[in-house]
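Hi there,

I am passing on a structure that I have been looking through, and I hope you enjoy it. Please have a look at it first, and then read my notes below.

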Amino acid sequence: MAMTGGDGTVHVNGFASNASARAGLVLGAALVSTLLCAPATTAAPEEGATVRGAAAPAPAPAPGERPCPVVYFDLGETLVHTADDGSTAYLPGAASYLRTLRERHIKVGLITNVPPSWGATDTERAARLRTEVDATWRGPTAFAWADFGDRIRTPRTEAERKPSPVLWQRAKEDSGGCRVVYEAETAQEVSVASSVGFVSYQVGLPHRPAFLPAGLVELLGRRPG
């Protein structure tokens with residue numbers, strides 16, 4: 001589901017090659033610095049905790065309003081962990097974070113590698129992915145599949161598997177012009193996502209929130225994608 005490795009560097013819209021992406025890097029870094037409101041030595045918030053300085057929950061979108069932004073995730077070792085015995089469960093803080101995004105009416109999606117043979121369409125491959133994950137699930141809370149709707153992007157061919165940029169490009173094209181965010185545990189995936197216009201955040205690093213704070217996601221969503 002995710003590639004191993006990474007250089008341990010936080011990337012927020014990093015490694016982009018054009019002027020627009022570089023401007024996004026400056027904006028993203030400034031917003032991260034403003035909203036985290038904590039020194040680098042501060043531990044990541046516990047599950048259910050509130051990040052100091054984060055914006056209050058946003059009201060539900062009005063009818064016809066663009067549902068921006070959209071936060072895409074890798075799956076394995078970003079939201080869920082498979083233990084040595086083959087059982088699967090949420091990583092610490094993941095269930096709480098998804099619940100917070102849901103409460104703020106922020107749409108979420110998955111960009112994850114699965115065998116192309118699992119189906120002819122994203123819908124078919126997503127259904128097989130759900131079957132595989134649910135069969136090994138041991139967590140106290142069921143995985144929130146309903147939150148992701150039809151926003152699960154999977155490779156149609158081996159050539160489309162990450163780190164190929166194809167899945168991120170497809171997700172961005174389907175975003176309706178909304179700003180797109182990507183969160184994953186590897187620096188390589190974060191870099192590729194950034195290069196095609198995502199605001200990216202590497203999860204699981206020490207001395208930083210486990211996930212990009214929801215208040216920051218809301219602020220990013222108010223700016224052009």
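Leaving aside residues up to four places away in sequence, S87 touches H81, T82, T136 and R138, where a contact means heavy atoms within 4.5 Å. S87 sits in the loop between β2 (80-82) and β3 (88-90); helices (H or I, at least four residues) and strands (E, at least two) are DSSP runs, numbered from the N terminus. With a relative accessible area of 15%, S87 is buried. For that label, buried means under 20% relative accessible area, exposed over 50%, and partly exposed in between (1.4 Å probe, protein chains only). The side chain of S87 also has a polar contact of 2.6 Å with the side chain of D85. A polar contact is a pair of N or O atoms within 3.5 Å; within protein, one must be able to donate a hydrogen and the other to accept it, and residues adjacent in sequence count only if both atoms are side-chain atoms.

Before going further, a word on the model. It is a predicted one, so local features need pLDDT of at least 70 and side-chain atom pairs count only at pLDDT 80 or more, while totals for chains, interfaces and linings use all residues. Residues are numbered from 1 along each chain as its sequence is written, and side-chain values use heavy atoms, with hydrogens and water left out. The predictor's confidence in each residue, from 0 to 100, is the pLDDT; its mean for the protein is 78, and 69% of the residues reach 70 or more. Over residues 2-61 the pLDDT is below 50, although this stretch has 103 contacts in the model beyond near neighbours in sequence. Where pLDDT is low, the predicted coordinates should not be read in detail.

Now to the inside of the protein. The largest nonpolar core has 35 residues, and F73, L79, F143 and F148 have the most contacts inside it. Such a core is a set of buried Ala, Val, Leu, Ile, Met, Phe, Trp, Tyr and Cys residues joined through side-chain atoms within 4.5 Å. Among the elements that each supply at least two residues of this core are β1 (70-73), α3 (122-136) and α7 (214-221). Which helix gives the largest share of this core? That is α2, with five residues. Not counting residues up to four places away in sequence, F143 touches L75, L79, V80, Y90, W137 and F148. A second, separate core of 13 residues includes V70, I111, A193 and F198.

Finally, the charged pairs. There are 13 salt bridges, each a side-chain nitrogen of Lys or Arg within 4 Å of a carboxyl oxygen of Asp or Glu. One of them joins D134 and R130, whose closest N and O atoms are 3.4 Å apart. Both residues lie in helix α3, four residues apart, about one turn of the helix. D134 is partly exposed at 35% relative accessibility, and R130 is partly exposed at 43%.

Another salt bridge pairs R153 with D174, at 3.1 Å between the closest N and O atoms. R153 is in strand β5 (residues 152-153) and D174 in the loop between α5 (166-173) and β6 (180-184), so this pair ties together parts that are 21 residues apart in sequence. R153 is buried at 8%, whereas D174 is partly exposed at 49%.

Best wishes
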